[in-house]
Amino acid sequence: MAKVSVPRGSVADGSLPSVCVVCGADAPHRRFPGVGAPSLAWVLFSPLAGLMTFWVYVLFASRSGRAGGLPFCDRHRGYWPRRAAAIVFGFLAMVVLMVVGVALLPPEQPGVLRKPNVISGFAGCWVLLYLPTFVVLQLTATRPTGKTRKSLVLSCASRKFAAAVEADGGQSGVARPASGGR
Ligand SMILES: [Zn+2]
């Protein structure tokens, strides 16, 4: 797994090499052009909001038909949406369970310990299950983890993709030293 800096322009116009970002296989699909857009970048990478907003973006962006984006193979076409669904719906379920669990607690009486009900017990279990799952899904995912003015940093990308982008960068003039003119 590699960390790779991808020119944002290539994300937007879909000119990245056809190598799957996740596994390095041949990638006929281009998805999520928005990850390269400056308008989205600030919210995707703000330290607190970024964790969840990226996945929310993926869920909603999967329906947009815009051209461009990152390359995915047949097998990994649904890679981000699947993770996004698990992370976002798992999080929503956790919030709902906690709210319902707390709402159903019996009124507080002095000297009496409040007994947790079934829902709040289940909410507790859900939190214990969800948080480690979230951390694992988050840390092992191929995902954007940073940006500069011109490029997007992807973590846990396939080595083949990283190598292809670096090789391509020389030709398309993105990571080019100041010598050649175009
Ligand atoms: Zn793949």
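How are α4 and α5 oriented to each other, roughly parallel or roughly antiparallel?

## Model and numbering

This is a predicted model, in which local features need pLDDT of at least 70, side-chain atom pairs count only at pLDDT 80 or more, and totals for chains, interfaces and linings use all residues. Residues are numbered from 1 along each chain as its sequence is written.

## Helix pair α4–α5

Helix α4 (residues 79–103) and helix α5 (residues 118–140) have axes that come within 9 Å and cross at roughly 155 degrees. Axes are lines fitted to C-alpha atoms, for helices over the stretch in contact, with angles from 0 to 180 degrees between N-to-C directions; helices are DSSP runs of H or I with at least four residues, and strands are runs of E with at least two. The two helices are therefore roughly antiparallel (an angle over 145 degrees).

The contact (C-beta atoms, placed from the backbone, within 7 Å) involves R83, A86, I87, G90, A93, M94, L97, M98, V100, G101 and V102 of α4. From α5, I119, S120, F122, A123, W126, V127, Y130, T133, F134 and L137 take part. By class, this contact has 16 nonpolar, four polar and one charged residues, with Gly counted as polar and Arg as charged.

## Sheet β1-β5-β4

Three strands in the order β1-β5-β4 form an open sheet with antiparallel pairing (at least two DSSP bridges between paired strands). β1 (2–7) and β4 (143–147) are at the edges and have a single partner strand each, so one side of each lacks a neighbour in the sheet. From one strand to the next, the twist averages 30 degrees.

Five bridges join β1 and strand β5 (residues 151–157) in the antiparallel sense. P7 lies opposite S151 in β5.

Methods
Parallel < 35°, antiparallel > 145°, perpendicular 65-115°, else oblique. Contact = placed C-beta atoms within 7 Å.
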